Amino acid sequence: MSKNLRDLALNASKNAHSPYSKVNVGSALQTEDGTIYYGCNIENSSFGGTVCAERVAIWKAVSEGHKKIKKIYVYTHAGWPPCGMCLQVMTEFATPDLEITLGDKSGKEMTKTLKEFLPEAFTPAHMK
Ligand code: ZN
């Protein structure tokens, strides 16, 4: 499974629009029912318009009616972690035990949970 998500994330990274950072990021996720979505980072000359690969994949899933993420893979050349904003968006569509796997170009991988990355997350439960 991880291999498949890795391949999709790596492949998605090749579509990145990253003329400013020059860093291609790809992400692939599996929803609760097994459906897979992927995305790449899409930068903008007005930097606030830039969207990370993780959120592109999440928004593709949500826009198709899939609001529960089971696992997510993030590919960068150096195995970078998701940014704070992406982790916050993940809290909206996943439980704290969401598996987040980071992969780099050498094939090295590391998996941690969403709770490990963002232990005191602001979640939808706070809004109730
Ligand atoms: Zn991000």
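## Zinc site, sheet and cores

The donors of the zinc ion are spaced C-x30-C-x2-C along the chain. This is a predicted model, in which local features need pLDDT of at least 70 and side-chain atom pairs count only at pLDDT 80 or more, while totals for chains, interfaces and linings use all residues. Residues are numbered from 1 along each chain as its sequence is written, and side-chain values use heavy atoms, with hydrogens and water left out.

**Zinc site**

- The protein donors are Cys 52 (SG), Cys 83 (SG) and Cys 86 (SG), at 2.2 to 2.3 Å from the zinc ion.
- Donors are N, O and S atoms within 2.8 Å of the metal (3.2 Å for Na, K and Ca); water is not among the atoms, so the site may look incomplete.
- Cys 86 is buried, with a relative accessible area of 0%, whereas Cys 83 is partly exposed, at 32%.
- Buried stands for under 20% relative accessible area, exposed for over 50%, and partly exposed for values in between (1.4 Å probe, protein chains only).

**Sheet**

- Five strands form an open sheet in the order E2-E1-E3-E4-E5, with mixed pairing; strands (E, at least two residues) and helices (H or I, at least four) are DSSP runs numbered from the N terminus.
- E2 and E5 (109-113) are the edge strands, each pairing on one side only, where pairing requires at least two DSSP bridges between two strands.
- E3 and E4 pair in the parallel sense over five bridges, and Tyr 75 has Gly 103 in E4 as its bridge partner.

**Helix H2**

- H2 lies across E1, E2 and E3 and runs at about 140° to E2; axes are lines fitted to C-alpha atoms, for helices over the stretch in contact, and angles run from 0 to 180 degrees between N-to-C directions.
- The buried residues of H2 are Ala 53, Glu 54, Arg 55, Val 56, Ala 57, Ile 58 and Ala 61, and their cover includes E1, E2, E3 and H3.
- Gly 65, which follows H2, has a positive phi near 95°.

**Nonpolar cores**

- The largest nonpolar core has 22 residues, and among those touching the most other members are Leu 29, Ile 58, Ile 69 and Met 90.
- Such a core is a set of buried Ala, Val, Leu, Ile, Met, Phe, Trp, Tyr and Cys residues joined through side-chain atoms within 4.5 Å.
- H2, E3, H3, E4 and H4 each give two or more residues to this core, and H3 gives the most, with five.
- Beyond its neighbours within four places in sequence, Ile 69 is in contact (heavy atoms within 4.5 Å) with residues including Leu 29, Ile 58, Phe 93 and Leu 98.
- A second, separate core of five residues includes Leu 5, Ala 9, Ala 28 and Tyr 75.
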